[in-house]
Amino acid sequence: MIGSVGDQRVEEYAKLLVERCVDVQPGWQVVVSAEPLGRPLVDAIVRAIARRGAYALPRLRFSVPSEVEWLKEAPLELVEELPGIEKHGWDEADCLIVVIAHENARVGSDVPPERVSAMRRAVRPYQQRLLDGTMAWVGCQFPTQALAQEAGMTLRQFEEFLYGAVLVDWDALGAEMRRIAERFDAASTVRVVGDGTDLRFSLEGRQGKIDALGANMPGGEIFYSPIEDSAEGVIGYTEYPACYTGHAVEGVRLRFEAGTIVGASAEADEPFLLSILDSDEGARRLGEFGIGCNPGIQRHTRNTLFDEKIEGTVHFAVGFGFPDLGGTNTSAVHWDMVKDLRRGGRIELDGVVVQENGEWYL
Amino acid sequence: MDPRVEAYARLLVERCIDVRPGQQVLIRSTPLARPLIEEIGRLIAARGAYLILRLNWSMWPLDYGWAAEAPAELLGELPEIDRHACDHMDARMTIDAPENTREGADLPPERLALVKAAERVFFRRTMSDEIPWVGCQFPTQALAQDAGMTLPEFEDLLYRACLIDWDAEGDRMRRLAERFASAEQVRLAGPSTDLTIGVEGRTFAVDDGRNNMPGGEFFTSPLEDTAQGVIEFSEFPAVFQGHEFAGIRLEFRDGRVVDATSQSNEGVLVSILDRDEGARRIGELGIGCNPGIQRFMRNALFDEKIDGSAHVALGAGYPKVGGTNVSAVHWDIVKDLRRGGRIELDGAVVQEDGRWLI
């Protein structure tokens, strides 16, 4: 078993998740969704929940998406609607903790995209509780060989990387991100320039959110839902592949007009890119603009949870936006694509350069 | 993949549960049963039903790690979400696939009693046969080790005991069960054992590969206040919730255990009997008939079906066969009758040394 029992960092990680990220309260029903390899962390989480006087409801699944064999063959009308027992669980749970611990990052990539979309449509109305804040939640990862391999690291290296990104001084980082967010809150037009990229969009009237001990562990980003019809220009994801549901799409290039993607191409796996963009009306608009700020994350690891927080990067998600940030775009999709700005990139707010080559000028 | 896994999955989905479109089929198991669960998932999908997978290292809805540290006042009742699932599942499969059969043995007895009481709501609708259900196992190293076998040996045994002609076995067992059902009194006799139990008016159910896989027993819930005499389980150790007991001897008067001894773990034995009022009464009398099971495996699901054995369960009875005993305990203890044992019905010997005379 990896992440050897007795690794003090696992205990610390679990306490951070249970006590600070979601702050479990007595009597809560806390669903803990995890893959089997996450066991050391899940065990520690379950015990930390018990010590807070709350119910732990562990739900292991072999993969994400779960129950792949069922998903591939069930009638589509069943995939499109959650069973009553699972609806009830979504309605009643007080808190959700998701532990990603893949054994193979490609599991699920053989499920037809329309089935994955159908499954997402089924769960989306219930996930509203995650977005509107009525269900506390956090998603995190546990170091596995597959995640290490995907990141181009040995397991030991990946463990160092992961714990370096999650066991940081969150109070200090939070204060720094708040300072940056205030400048973006006050601005109206954002321009992101970089390799193959010149994209403008508006944040007018929108407030940002900082992620420090929030719904993602590691946190370390500032994010917004941009004005839905404002994006104009092009963005080229030339540095890193865009990763989603087991696919890693190289060289994605998107052209926006009045907020909508009017041109999309990729160097490889383009049909997948197009099928996702065509999965519903909202999938061709931006739901999120985010700025990576975690100093513990300096390299891309094909792992969105980490990659979107790389210090000196920004990311844009096609698909649903965040209602609590004023976002109105709805979609079953939310695909974060990360753009590195550390070599020749810059961010302008209302014409003023605030970040260049990944360095802040604020 | 082992083709037997597919045949096994088919048996569970088609014969044991007979999954119907739209049903919510709840499966509880551990990650070790993955090949079987995936195959079952495919078959349930093909039948147009939902798979509600409840996978954990402990058997849902229990979690021993949580139960060790949670406040005692939370232990006695399942969280509402899990109670709702128990009340709304349309069918359930329990697939035991332990990585260590002693799991939970370190939980203090008073905590274990509380979580077992909480778990009763899970069994309520299956003990009364309100919904289709099956309990089965997937071969793991832990089960093989307890059985004194390698994993391939255990796999062979499991599939030999499960993949048989259940219709033919059912006919054979129904013929035997009819004789028992027409009797008033059953007597189990043998070295150090002489126990009589009343069964008048009670139904004998035949497990022809439906509620248990492997099946291969017929059983009833005997009249609750009739057991008289002594039964000694000297052939095999008894196993319950991770504890092992050698040489249990139980003396019954008017249906209740009035004296209980064991060569090992006697204190635990007595604490189980004292768990609640019903734990000292017999909830089940069963006769093992599976020709594929000839040896003791430290595995209740199999051992109670050893051809030529009988078992009594302390604790909860089955309402569907007329049982009225209520308890959080249901502990099957197996008695080998193949060497010097016999079964009498109203004074007539029907089985001797494990061989049927009828």
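This is a predicted model: local features need pLDDT of at least 70, side-chain atom pairs count only at pLDDT 80 or more; totals for chains, interfaces and linings use all residues.
Residues are numbered from 1 along each chain as its sequence is written, chains are lettered from A and ligands numbered from 1 in the order in which they are written, and side-chain values use heavy atoms, leaving out hydrogens and water.

**Stop 1: helix 9 of chain B**

Show residues 166–181 of chain B, which make up helix 9 and hold both B:Arg174 and B:Asp171, three residues apart, about one turn of the helix. (Helices are DSSP runs of H or I, at least four residues, numbered from the N terminus.) B:Asp171 is exposed at 51% relative accessible area, while B:Arg174 is partly exposed at 33%. Buried means under 20%, exposed over 50% and partly exposed in between, using a 1.4 Å probe and protein chains only.

**Stop 2**

Jump to B:Asp274 and B:Arg280, whose side chains meet in a salt bridge at 3.0 Å, N to O. B:Arg280 counts as buried at 14%, and B:Asp274 as partly exposed at 47%. Next, pick B:Glu251 and B:Arg249, another salt bridge, at 3.8 Å; B:Glu251 is partly exposed at 22%, and so is B:Arg249 at 26%.

Now select A:Glu69, A:Lys72, A:Glu73, A:Asp110, B:Glu39 and B:Arg42: salt bridges link them in a network. Over all chains, the count comes to 68 salt bridges.

**Stop 2: helices 1 and 8 of chain B**

Show residues 3–17 and 151–162 of chain B; the axes of these two helices come within 11 Å and cross at roughly 40°. Axes are lines fitted to C-alpha atoms over the stretch in contact, with angles from 0 to 180 degrees between N-to-C directions.

Contact means heavy atoms within 4.5 Å.

Finish on B:Leu151, also in helix 8 of chain B. Not counting residues up to four places away in sequence, B:Leu151 touches B:Pro139, B:Thr140, B:Gln141 and B:Ala144.

Methods: A salt bridge is a side-chain nitrogen of Lys or Arg within 4 Å of a carboxyl oxygen of Asp or Glu.
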